Amino acid sequence: HAAILIAAGLLPIVEDINWLSVTIALLATDASARMLTEARPPSWAEQLSSALRLPFSGPFRLFSDFARASRYGRRRQVKSGVLAGLLGWAVPLLLCAVFAALFVSANPLLERWLNAIDIPAILGQLLSGRSLFWGAILCLIWPLVRMRSLRRRKRGDSKQSAKATSGDPLDLLGDLTIKRSLVLFNGLFAIQTAMDLAYLWGGASLPEGLSHASYAHRGAYPLVVTALLAAAFVLVAMRPSGAGARSPLVKLLVLAWVGQNILLMLSALLRLKLYVDAYSLTELRMAAFVWMLLVAGGLVLILIQILSQRPIGWLVSANAVMLALMLYGYSFVDTAVVIANYNIRHSYEMRGTGQRIDFAYLWALGPGIIPAIDRYAPRIAAVGNAPSQVKWGWSQGKVASYRDGLAGRHRAAQIDWRAWSFRDWRLSRYLASVPQAPFKAILPSPSGTPEER
């Protein structure tokens, strides 16, 4: 009877496709399916009621079945339901999106590729009439794919079912979530690592309109943030009761990811070095070098802790010792002297390439730069006589005047014994032997020749 009914119902649609023939075909298909799936043939009233609900129950039935599948997985104590699967991918995809955003901000090539994607066109295709049509067809045929009996079955133990349905909340940082996250992260980081190895370290040719300088001068700071987030996630994955302690695969994925993060920090250090070469050194960039070395050292310690199976307490103590030693050593560094020596030695005035000396910034560093000014000013004057005609950016005598002004400010500050320090004492001894700018008589004139002052 079911075969005869569906054959008769499909004859009108074979003759011509219109609203009436399609409606008859759907009603006949639903009635035939009911006849085949019900334990006993339903009455004509039940058939008619089911057929009339068919066009409207599809969307509700679709989402209801997703929820039922999730509850069924939890009743079996298996996180394999559809909803559980979607939530299990939420954390990996969300963190992957955060890392991808940081990589795009640090990598102009990735940014160019992303801008080349016509997102409005893709959304237009997804929201096109054809997509809506197939979505409506899915909702229309879903009740036929998963038929429900017209007669409600009694549950043996409703209380037990309700308890099973409530279940335990989904573990958003469970073993499966950690594995999925690490697989995605390793793949994403591998893209960035391969690009850095090819373009930053290997010097491969970039697309037209993008130079190696523009590729390298971006991304040092976003990559540090990326490494810090990665380290935090590694600590979660490798906690004593975490997935890393139970799964060798998770441990292997973590080791691979930490290795990629170490390469990432080395690339960040190289980026910052190239940035300083192009735009000179500042106190903030010196601090960034120290910070990156700390992060890279912390990643190496994480690697040692995982391989040697030491407790988390050892990792915390080792990082604290490394931080204390680094800051203790940095406290002896005279940043003003380092910055002044580097910026003048790599300046346009000294080498004919690079940035001009930013004297306004140098004066703001304080009297500690005076020995560097005295050391390099005669050399710059000599370069000024060369055919390249490289000259000071400041007017004649201005540099000497500012230098002597800083010296006078230092002497005035040292009158108060409470301002004494060993670093200032060494500068005072230098100024006692060189009281005034020794290069006044050889500063270049606008024409590039020495002029007596």
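Predicted model: local features only at pLDDT ≥ 70, side-chain atom pairs only at ≥ 80, totals over all residues.
In soluble globular proteins, nonpolar side chains tend to be buried together.

Ile369 illustrates such contacts: beyond its neighbours within four places in sequence, Ile369 is in contact with Ala336, Ala340, Leu362, Trp363 and Leu406.

## Aromatic pairs

The whole structure contains 13 aromatic pairs. In one of them, the ring centres of Phe99 and Phe185 are 5.1 Å apart and the planes meet at 80°, so the pair is edge-to-face. Because Phe99 belongs to helix α4 and Phe185 to helix α9, this pair ties together parts that are 86 residues apart in sequence. Phe99 is buried, with 3% relative accessibility, and Phe185 is buried at 0%. Ring pairs also link Phe99 and Phe185 with Phe103, Phe189, Phe233 and Trp257 into a cluster.

Tyr328 and Phe332 form another edge-to-face pair, with ring centres 5.2 Å apart and planes at 75°. Here Tyr328 counts as exposed at 56% relative accessibility, and Phe332 is exposed at 59%.

## Two buried residues in helices

Arg271 lies in helix α13, which spans residues 248-279. Its relative accessibility is 0%, so Arg271 counts as buried. The C-alpha atoms of Arg271 and Tyr221 are separated by 9.6 Å, although these residues are 50 residues apart along the chain.

Asn341 is part of helix α16, residues 335-345. Asn341 counts as buried because its relative accessibility is 13%, below the 20% limit for buried residues. Apart from residues up to four places away in sequence, Asn341 touches Ala372, Arg375 and Tyr376.

How values were computed:
Residues numbered from 1 in each chain as written. Heavy atoms only, no water. Helix = DSSP H or I, 4+ residues; strand = E, 2+ residues; numbered from the N terminus. Buried < 20%, exposed > 50% of the residue type's maximum accessible area, 1.4 Å probe, protein only. Contact = heavy atoms within 4.5 Å. Phe/Tyr/Trp six-rings, centres within 6.5 Å; stacked < 30°, edge-to-face > 60°.
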